[in-house]
Amino acid sequence: MRASSVVLLPHAPTSVAAARRRLGSELAAVGVSESVVDDVNVIVSELLSNALRHARPLPGGQVRLAWSRQGDELELSVSDGGATTQPRRGPGTLSSLGGRGLGIVEALSENWGVRHEEGGVTTVWAVLRAPRTVRTGAGRNGAVPAGSVHAAIPGLVELPDEAGHPDEDLRHGPRHGIPQTRAYPG
C-alpha cells in the first residue's frame, strides 16, 4: 500500500507545530505506530527548523513538507529555496548551542541525505521504517503482519499517490535524474 501527502507551509516558526499536528494525524490514519510518529515529529521538527533558520523560502514564501509511505518504509522530506551552505551534520558537542539536528535525524532514520533540484530548491530527506500497526485487536506491540491491515481496519482504502512519484525507490537510486547524497561534514 502506498500513501503520501505534500503540504506547503509558510516560511515561519509557527509552521513547525502545524506540520507536526498534521503529519501525526495523517500517519496515524494510515496505521503508523505512535513510537514511529514520535520519531517522525522529531525529524520533521529538525528538518523544518533548519530550513527556516538557514535557507531561503520557496517562491511564495513557503517551505514544502512531503511524506510517502511504501510498504514498511516512510520517507519524509522538507524542501526550501536553498542556502549559501550545504546541509550537513555538525559536530554537536555538549557545549555547542546548536549543530545537533542532523545528527538526531541520522540517529532516528535508516538513511538521510540532500537533493538539489532545479531552480535552487534544496530537499533534505530521511527514510525510516514504519511497519504497519493498528491500535486495537493487534498482537504484541500493536504489530500486524503486512496484508492483514485491510482485515483489521474495515473500509481502509489505498490512498492516491499525491506526490506523483509512482516509480521511485524510497531508499536507493536517483530520482528524476537528481542524484541523492548523504550529507556528512567535510
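Contact means heavy atoms within 4.5 Å. Axes are lines fitted to C-alpha atoms, for helices over the stretch in contact, and angles run from 0 to 180 degrees between N-to-C directions. Helices (H or I, at least four residues) and strands (E, at least two) are DSSP runs, numbered from the N terminus. This is a predicted model, in which local features need pLDDT of at least 70 and side-chain atom pairs count only at pLDDT 80 or more, while totals for chains, interfaces and linings use all residues. Residues are numbered from 1 along each chain as its sequence is written, and side-chain values use heavy atoms, with hydrogens and water left out.

View 1. Helix α2 lies across β1, β2, β3 and β5. Its direction runs at about 15° to β3. The sheet is open, with 5 strands in the order β1-β2-β3-β5-β4 and antiparallel pairing; two strands pair if DSSP finds at least two bridges between them. β1 and β4 are the edge strands, each with a single partner, so one side of each has no neighbour in the sheet. From one strand to the next, the twist averages 15°. β1 and β2 pair over 9 bridges in the antiparallel sense. Ala 3 stands opposite Arg 69 in β2. Helix α1 also packs on the sheet, touching β1, β2 and β3, and makes about 165° with the direction of β1.

View 2. α1 has 16 residues and reaches 23 Å from first C-alpha to last. That is close to the expected 22 Å, the expected span being 1.5 Å times one less than the number of residues. Its buried residues are Ser 15, Val 16, Ala 19, Leu 23, Gly 24, Glu 26 and Leu 27; buried means under 20% relative accessible area, exposed over 50%, partly exposed in between (1.4 Å probe, protein chains only). They pack against β1, α2, β2 and β3. Gly 31 follows the helix, with a positive phi near 85°.

View 3. Glu 26 forms a salt bridge with Arg 22, with the closest N and O atoms 2.7 Å apart. A salt bridge is a side-chain nitrogen of Lys or Arg within 4 Å of a carboxyl oxygen of Asp or Glu. The two residues are 4 apart in α1, so about one helical turn separates them. Glu 26 is buried at 18% relative accessibility. Arg 22 is partly exposed at 39%. The structure holds 5 salt bridges.

View 4. Arg 64 forms a salt bridge with Glu 117, the closest N and O atoms being 3.7 Å apart. Arg 64 is in β2, and Glu 117 is in the loop between β4 and β5, 53 residues apart. Arg 64 is partly exposed at 26%, as is Glu 117 at 24%. Arg 115 forms a salt bridge with Glu 75, at 3.5 Å between the closest N and O atoms. Arg 115 lies in β4 and Glu 75 in β3, so the pair ties together parts 40 residues apart in sequence. Arg 115 is buried at 6%. Glu 75 is buried at 5%. Salt bridges that share partners join Arg 64, Glu 75, Arg 115 and Glu 117 into one network.

**View 5. The largest nonpolar core.** This core has 32 residues, and Val 40 and Leu 76 touch the most other members. A nonpolar core is a set of buried Ala, Val, Leu, Ile, Met, Phe, Trp, Tyr and Cys residues joined through side-chain atoms within 4.5 Å. The largest share, 9 residues, comes from α2. Beyond its neighbours within four places in sequence, Val 40 contacts Leu 23, Leu 27, Leu 74, Leu 76 and Leu 128.
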